[in-house]
Amino acid sequence: MSRFLSISILLLFVLHVSSESAGEEEFTEELLFRPLPDRKVLSHFHFESRAPPTNSYGHHHRLFPKAIYQLVHKYRIKQMELSFTQGRWNYDSWGGFDPIASSNAKPPGVELWAVFGVPPDQVDASWKNLTHTLSGLFCASINFLESSTAYSAPDWSFRSLSGNLRYGSLPREAVCTENLTPWLKLLPCRDKSGLSSLMNRPSIYSGFYHSQRLHLTSDEFDPVALHGIMLEQTLTIVLQPDSLETHPSFSGSRKLQPSWSMSSLFGKTVDGKCALAKSSNVYVQLEGSLVYNMKNTWNSIDSYEGDSNFGFTVSPDRMMKEINSIDKEGYSILYGFSINNDHSSKPFDLGFWWKLPVTWSCVKAPLRVSRFLMGSGNEKGAIALSLQSTEWSQSLLKADNNGEKCNLRVDVFQLVPWYIKVYYHTTKIYVDGASQSLGDIIEKMSVSPSEDKVSPGVMEMILRLPCDMKSASLTLEFDKGFLHIDEYPPDANQGFDIPSAIISYPDFQTRLQYKLDTTSIKSPMVSKMQERRTILSYTEVLLVPLTTPDFSMPYNVITITCTVFALYFGSLLNALRRRVGEEERLRKSKDKSTGKLRLLLSKLSAKLRGKPWEPPSSTPPSSSSKFISTKVVIKIILIAAIAFGWQYYDG
């Protein structure tokens with residue numbers, strides 16, 4: 001019987017261990033490089049941590065950050081995204097029709113949105129608590145989003161999400177190493193080993209654009225939880241490489257793109273992967289337009305005798321895999337390198353050398369969007385949203401074979417602070433310079449007007465624009481409000497920011513499609529790039545000047561008031577505390593100390609002059625006391641009169 005019990009316990013233990021191993025935590029790290037047309041390089045770090053459901057694994061984790069796990073369970077978060085961005089994504093030069101631009105091109109400052117799995121009456125309280133927690137976790141001013149004047153609840157236009165969703169943005173939030181360090185602490189190896197060791201602070205913050213992003217997805221509160229919690233951390237940087245030694249086999253009139261390496265971009269090399277990472281890969285992606293232009297350049301140069309059909313060299317020459325993906329303008333190429341076997345004695349340093357001069361352009365979004373202010377003065381103004389067609393939107397007309405009218409759907413989401421009082425009934429739309437009826441262009445519109453010191457103004461709109469248009473514009477008039485003196489920021493004269501508007505194109509989705517079957521490739525970053533994503537872009541942040549008081553006046557009033565009161569109370573206390581008798585005794589004691597010397601001198605003087613000596617006469621104390629008391633009374637009356645007059649005229 002005892003043997004049977006021991007065997008049963010052993011079997012149960014084996015089953016328990018096998019069930020836990022089936023749901024183990026995973027951590028992967030990846031890095032993607034992409035040359036850009038304006039002689040810059042895009043570096044995209046991607047870290048992914050997965051934790052199985054709590055009901056099958058338990059509350060304790062080996063790799064997944066405990067702070068994020070507690071955050072999910074305390075506030076019942078289903079989805080959350082937080083980004084810290086410095087700079088603005090250049091949609092014309094760096095592209096807008098690819099997965100990285102749609103998911104990692106963020107507005108300046110801080111952007112936060114979250115979906116909660118709580119009853120609707122508890123969403124606002126969960127949001128406020130979440131902002132305070134994230135503010136302390138990432139050492140930022142995210143707690144400013146707790147106020148109802150700083151966040152909104154989009155209905156249907158924001159990322160096709162609905163329900164218990166809250167969105168907020170802080171355009172003026174500065175991004176520095178104090179925000180990056182807590183972000184790195186969420187990684188198992190931090191920045192001590194693996195790809196995260198490349199994150200040299202001077203290299204990152206000297207770039208033209210950098211955005212650190214944290215995306216959280218959880219199904220912990222589903223009755224049938226399958227995936228658990230997935231944490232995706234990305235860092236997107238645009239750097240200007242220092243030109244390395246170029247290939248000597250070509251010298252032409254056109255200038256070569258700058259060559260680069262990991263050590264030249266970040267000043268470091270990778271000594272090996274993170275010991276806790278399941279996989280660690282580095283990729284180099286060449287867009288389809290770049291590959292197409294390189295082939296044309298190579299064919300047009302007869303004197304060039306290269307060893308490849310392409311005008312570049314990649315080092316080291318140990319590619320893990322070469323993938324051809326289908327792009328809008330042809331086949332793009334994705335080179336993969338594994339650093340699982342690298343170590344400190346044999347570090348990994350990826351290098352990219354150009355051999356031919358080549359020019360190309362990234363695939364742009366369907367429309368080029370910009371936003372600006374109209375009007376002058378500190379009373380009224382207008383917000384203008386400009387939409388201009390690109391090569392991609394012009395090709396839609398050629399693809400329309402049914403003969404029906406082609407329309408381009410554009411979703412607009414705009415959040416306006418309460419002190420910018422927008423008059424939504426003044427909305428005007430122009431297409432190719434001609435005014436249009438709102439009913440012909442606007443398919444759906446939802447407006448939530450602002451309420452003073454309570455809530456911001458929110459506008460959600462679906463536009464149906466003709467595909468053959470060249471340009472379109474939308475204008476909204478507004479009045480500038482007045483703030484209380486306590487509501488002005490320290491740099492009020494700089495102006496007030498209106499967060500970026502979000503423009504999306506639901507009819508257009510982008511993803512990375514492979515030419516061949518790639519079931520053997522198991523890369524979280526590449527898998528994310530294969531998912532369909534709606535094209536998304538952000539407009540500029542508007543800077544609105546408001547009427548500001550002269551902050552030097554309160555300062556001057558406070559200063560002179562404090563000075564007068566100090567003189568008044570100081571003189572009054574000095575007069576009240578001074579005693580005439582003590583002064584008289586003090587004078588007499590001084591006279592006694594000098595009396596003997598004075599008598600001796602007077603006797604000596606009388607003997608020298610030959611006259612009889614007479615004792616010196618002293619002033620009667622009664623007259624001195626009367627004089628001093630009269631002086632004190634006059635001073636008290638004068639100070640009281642000054643104080644009364646000041647209070648009367650100041651009141």
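Trainee: Why does Phe565 count as partly exposed?
Mentor: Buried means under 20% relative accessible area, exposed means over 50%, and partly exposed lies in between (1.4 Å probe, protein chains only). Phe565 has 31% relative accessibility, so it counts as partly exposed. A word on the source: this is a predicted model, in which local features need pLDDT of at least 70, side-chain atom pairs count only at pLDDT 80 or more, and totals for chains, interfaces and linings use all residues. Residues are numbered from 1 along each chain as its sequence is written, and side-chain values use heavy atoms, with hydrogens and water left out.

Trainee: What makes Phe565, Phe569 and Leu573 a nonpolar patch?
Mentor: Like charges are joined within 9 Å, and nonpolar side chains (Val, Leu, Ile, Met, Phe, Trp, Tyr) within 5 Å. Phe565, Phe569 and Leu573 form such a patch on the surface, with about 270 Å² of accessible area together; areas come from the Shrake-Rupley method with a 1.4 Å probe, and for residues only the protein chains shown count as cover. Phe565 is placed in helix α15 (residues 552-577); helices (H or I, at least four residues) and strands (E, at least two) are DSSP runs, numbered from the N terminus.

Trainee: Which residues form the positive surface patch?
Mentor: Lys185, Arg190, Lys192 and Lys268 form it. Lys and Arg count as positive, Asp and Glu as negative, while His and the chain ends are not counted; the place of a charge is NZ of Lys, CZ of Arg, CG of Asp or CD of Glu. Arg190 sits in the loop between α7 (177-185) and α8 (201-205), and its relative accessibility of 42% makes it partly exposed.

Trainee: Why is strand β8 described as largely enclosed?
Mentor: In β8 (residues 229-239), 11 of the 11 residues are buried, so the strand is largely enclosed by the rest of the structure.

Trainee: How do you know that strand β2 is joined to β8?
Mentor: Two strands pair if DSSP finds at least two bridges between them. Strand β2 (residues 41-51) has 11 bridges to β8, running antiparallel, and Arg50 has Met230 as its bridge partner in β8. Strand β7 (residues 209-218) also pairs with β8 in the antiparallel sense, over 10 bridges.

Methods: Patch = residues over 30% accessible without salt bridge, like charges linked within 9 Å, V, L, I, M, F, W, Y side chains within 5 Å. Salt bridge = Lys/Arg side-chain N within 4 Å of Asp/Glu carboxyl O.
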